[in-house]
Amino acid sequence: MSNKTPIRRLTPGPDRDKLAQDLKKKYDSGASIRALAEETGRSYGGVHRLLEDAGAAFRSRGGAARRTGT
């Protein structure tokens, strides 16, 4: 069972904009979307949507590239 709280839709307005900007600051500082979702109790998709609305530049997926050959 998930530890997420019941649906809390954020209607457009100042509260949603503030949350989006706060998440963007944390994401730009290096926090992952998954970590932000866990911290806020929101879904990955919900956090991604808020970041998108805030104009975040998304990082590429995955970790460091693996070296080929020896």
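Q: Why is Ala 31 called partly exposed?
A: This is a predicted model, and the values are computed from it. Ala 31 has a relative accessible area of 23%. Buried means under 20% and exposed means over 50%, with partly exposed in between.

Q: Where is Ala 31 found, and what does Ala 31 touch?
A: Ala 31 sits in the loop between helix 1 and helix 2. Not counting residues up to four places away in sequence, Ala 31 touches Lys 26, Leu 36 and Arg 59. Contact here means heavy atoms within 4.5 Å.

Q: What makes Arg 16 buried?
A: The relative accessible area of Arg 16 is 17%. The cut-off for buried is under 20%, so Arg 16 is counted as buried. Arg 16 lies in helix 1. Leaving out residues up to four places away in sequence, Arg 16 touches Leu 10, Thr 11, Arg 49, Leu 50 and Asp 53.

Q: What pattern does the protein follow along the sequence?
A: The pattern is α-α-α, with three helices and zero strands. Of the 70 residues in the protein, 21% are buried.

Q: How do you know that the buried residues of helix 2 line one face?
A: The buried residues in helix 2 are Ile 33, Leu 36 and Ala 37. Seen down the helix axis, they fall within an arc of 100°, so they line one face of helix 2. On the other side of helix 2, Arg 34 and Glu 38 are exposed. The buried residues of helix 2 pack against helix 1 and helix 3. Just after helix 2, Gly 41 has a positive phi of about 75°.

Q: What puts the buried residues of helix 3 on the same side?
A: Gly 46, Val 47, Leu 50, Leu 51 and Ala 54 are the buried residues of helix 3. Around the axis they cover an arc of only 135°, which puts them on the same side of helix 3. These buried residues pack against helix 1 and helix 2. Gly 55 follows helix 3, with a positive phi near 85°.

Q: What makes the largest nonpolar core a core, and which residues belong to it?
A: A nonpolar core is a set of buried residues of the nonpolar kinds joined through side-chain atoms within 4.5 Å. The largest one has eleven residues: Ala 20, Leu 23, Tyr 27, Ile 33, Leu 36, Ala 37, Val 47, Leu 50, Leu 51, Ala 54 and Ala 56. Helix 1 (14-28), helix 2 (33-40) and helix 3 (44-54) each give two or more residues to this core. The largest share, four residues, comes from helix 3. In soluble globular proteins, nonpolar side chains tend to be buried together.

Q: What does Ala 54 touch?
A: Not counting residues up to four places away in sequence, Ala 54 touches Ala 20, Gln 21 and Lys 24.

Q: Which residues line the second largest pocket, and how do they divide?
A: The lining consists of Tyr 27, Ser 32, Ile 33, Arg 34, Tyr 44, Phe 58, Arg 59, Ser 60, Arg 61 and Gly 62. These divide into four nonpolar, three polar and three charged residues. Gly counts as polar and Tyr as nonpolar in this division. About 290 Å³ of space lies in the second largest pocket.

Methods. Residues are numbered from 1 along each chain as its sequence is written. This is a predicted model: local features need pLDDT of at least 70, side-chain atom pairs count only at pLDDT 80 or more; totals for chains, interfaces and linings use all residues. Side-chain values use heavy atoms; hydrogens and water are left out. On a 1 Å grid over the protein atoms alone, a cavity is a set of points where a 1.4 Å probe fits but cannot get out, and a pocket is an open set with protein on both sides within 12 Å along at least five of seven lines; lining residues have an atom within 4 Å of a point. Grid points are joined across faces, edges and corners, and a volume is the space filled by probe spheres set on the points. Buried means under 20% relative accessible area, exposed over 50%, partly exposed in between (1.4 Å probe, protein chains only). The arc is that of the directions from the helix axis to the C-beta atoms.
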